[in-house]
Amino acid sequence: MSGLRADVIRDQAAFDDLEPHWWPLWSRSTSATPFQSPAWLLPWWRTFSPGDLSAIAVWSRNDLVGLAPLYREPRASGWLLLPVGISLSDYLDILCAPGREAEVSYVIAEAALSLEWSKWVLPDLPAEAASLRFDLPNVAESRFPNHAACPVLSLARDETLARSIPSRRRRQLRRAERAAQRRGRVAIERYEADPRTFIDQLARLHNARWAGQGVLTHIAQDFHRMALPRLAANGMARCWLIEIGDTVVGAYYGFHHRCRAYAYLGGFDPAYAAESPGAILIGTAITEAVREGAREFDFLRGRESYKYGWGAVDQWTTQRVWSRSAPP
C-alpha cells in the first residue's frame with residue numbers, strides 16, 4: 001500500500017547492523033525515550049537474550065522508518081511475544097518516523113501477525129507511545145490503562161527550585177546539606193567519563209541501601225557496564241557520586257533526553273542516612289536538569305513516598321495484551 005517493506009531480524013549480528021540506521025530513526029521519533037535507543041536495547045539483548053529475537057524493521061528504500069524490537073519466549077500455552085528491554089526499561093514502545101506513523105504501524109502489525117505467538121504483551125507504554133495507535137484486526141485485546149505509575153515533577157525555569165519543589169522539601173534539603181557539611185568535606189562530581197568506577201560504586205551503595213535485595217544483580221550490572229558508555233557517548237547519561245569526608249556515600253544514575261530528565265537508579269550508605277546523601281543528589285540532579293532546559297523530572301516507575309515529597313504527580317503507563325489461539 002505504501003512501498004514499505006518489513007524485515008524480521010532474528011540474530012544478534014543483523015540486530016547490531018541496524019544501529020547506524022536506528023540512531024537517525026530514534027532521533028526523529030517524537031515518542032522516543034532513552035529506553036528505545038540502540039545504546040540501551042542492543043546491550044540489553046546482548047546481555048539477556050531470553051528468547052528468539054523477532055525484531056521488525058520497516059524500510060522505505062534504504063531508510064529505516066519503523067522498528068518494533070520484539071522477541072518470542074516459549075511457554076506451555078504457546079509463544080509469548082514481548083518487547084526487547086522488558087523489565088529494566090521503564091518505558092517501552094515501537095519507533096516510527098514522524099508523519100508515517102499510520103503506514104508504519106500497519107506494516108508492523110502485518111509482520112507481527114505473520115509470527116507464531118499466542119499472546120503479545122506490550123507493557124509500560126507512555127501516554128504518547130506510538131504503540132497505542134495501532135490495531136490488530138480480529139485479535140482479542142485487553143488494555144490496562146493504569147498499568148504502572150511514573151511520578152513526574154513539572155519544572156519551572158528557576159534554578160532556585162522555588163517554583164518547582166515544595167517549600168518543606170527545600171527546607172529538608174538545606175538541612176541535609178548542612179548536616180553533610182558538619183560531618184566532613186562534601187564533594188559532588190559527575191562520573192559519566194568513568195563508567196567502571198561509577199557502576200562499581202552504584203552497585204555497592206544500591207545493595208547497601210537495599211540490604212542486598214535491590215535490582216542491581218550481577219547480570220544487571222553487566223548490562224549497565226555495557227550500556228552506560230554508549231548512553232554517555234550520546235549525551236544521555238547523568239551520573240553523580242557524592243563524597244562526605246573521603247568516603248563515597250551516594251550515587252545517582254539518570255538520563256536526560258530532549259526536555260525531560262529521568263531518575264533511573266540510586267543508592268547511599270546507610271551509615272550516612274542522617275545526612276540524606278540520596279536527597280542531596282536528587283536535588284543536584286533536578287537543579288542541573290533545570291539548567292539544561294528540562295521541563296519535567298521523571299522519577300520513573302514506582303510509587304515510593306519520597307517521590308511525592310518532591311512534588312511529583314503520577315503519570316500512568318498502559319499495557320496492551322493481544323491473545324489468539326490459532327497459529328498464523
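This is a predicted model: local features need pLDDT of at least 70, side-chain atom pairs count only at pLDDT 80 or more; totals for chains, interfaces and linings use all residues.
**Entry 1: a loop residue**

I'm calling a residue exposed when its relative accessible area is over 50%, and buried when that value is under 20%. I found N138 in the loop between β8 and β9, with β9 covering 140-154. I looked up its backbone angle too: phi of N138 is near 65°, a positive value in a residue other than glycine.

**Entry 2: another positive phi**

Next I went to L161, which sits in the loop between β9 and α5. Phi of L161 is near 70°, again positive and again in a residue other than glycine. Is L161 buried or exposed? I got a relative accessible area of 4%, so L161 is buried. I also noted S49, which follows α3 and has a positive phi near 35°.

**Entry 3: helix α3**

While I was there I checked helix α3, residues 38-48. How many of its eleven residues are buried? I wrote down nine, so this helix is mostly covered. Among the buried ones are W40, W44 and W45, along with P38 and P43. L41 and L42 are on that list as well.

**Entry 4: the arginines**

I then looked for charge on the surface. R168, R171, R174, R175, R178 and R182 gather in a patch of positive charge there. I placed R168 in helix α5, which runs over residues 167-183. R168 has a relative accessible area of 57%, and that makes it exposed. A reminder to myself about helices: an α-helix has 3.6 residues a turn, so residues three or four places apart point the same way.

**Entry 5: the eleven-strand sheet**

I traced an open sheet of eleven strands with mixed pairing. I read its order as β2-β5-β6-β8-β15-β9-β14-β13-β12-β11-β10. Which strands stand at the edges? They are β2 (52-53) and β10 (186-190); each has a single partner strand, so one side of each is left without a neighbour in the sheet.

I zoomed in on β5 and β6. Strand β5 covers residues 70-75 and strand β6 covers residues 78-83, and they pair in the antiparallel sense over six bridges. A hairpin of two residues joins β5 to β6. I checked two of the facing positions: Y71 has L82 in β6 as its bridge partner, and R72 stands opposite L81. One general point I noted here: in a regular strand the side chains alternate between the two faces of the sheet.

How does β6 run relative to β8, parallel or antiparallel? I found the two strands parallel, joined by two bridges, with β8 covering residues 119-125. L80 has K119 in β8 as its bridge partner.

I also stopped at G254 in strand β12, residues 247-257. Its relative accessible area is 0%, so G254 is buried. I looked up its distance to A285, which is 31 residues away along the chain: their C-alpha atoms are separated by 8.3 Å.

**Entry 6: the four-strand sheet**

Last, I followed an open sheet of four strands, ordered β1-β3-β4-β7, with antiparallel pairing. Its edge strands are β1 (4-9) and β7 (95-96), each pairing on one side only. Strand β4, residues 63-68, is joined to β7 by two bridges, and the two run antiparallel. Which residue of β7 is the bridge partner of G66? I found C96 there.

Methods: Residues are numbered from 1 along each chain as its sequence is written. Side-chain values use heavy atoms; hydrogens and water are left out. Patches are made of residues with over 30% relative accessible area and no salt bridge: like charges are joined within 9 Å, nonpolar side chains (Val, Leu, Ile, Met, Phe, Trp, Tyr) within 5 Å. Accessible areas come from the Shrake-Rupley method with a 1.4 Å probe; for residues, only the protein chains shown count as cover. A salt bridge is a side-chain nitrogen of Lys or Arg within 4 Å of a carboxyl oxygen of Asp or Glu. Lys and Arg count as positive and Asp and Glu as negative; His and the chain ends are not counted. The place of a charge is taken as NZ of Lys, CZ of Arg, CG of Asp or CD of Glu. Buried means under 20% relative accessible area, exposed over 50%, partly exposed in between (1.4 Å probe, protein chains only). Two strands pair if DSSP finds at least two bridges between them.
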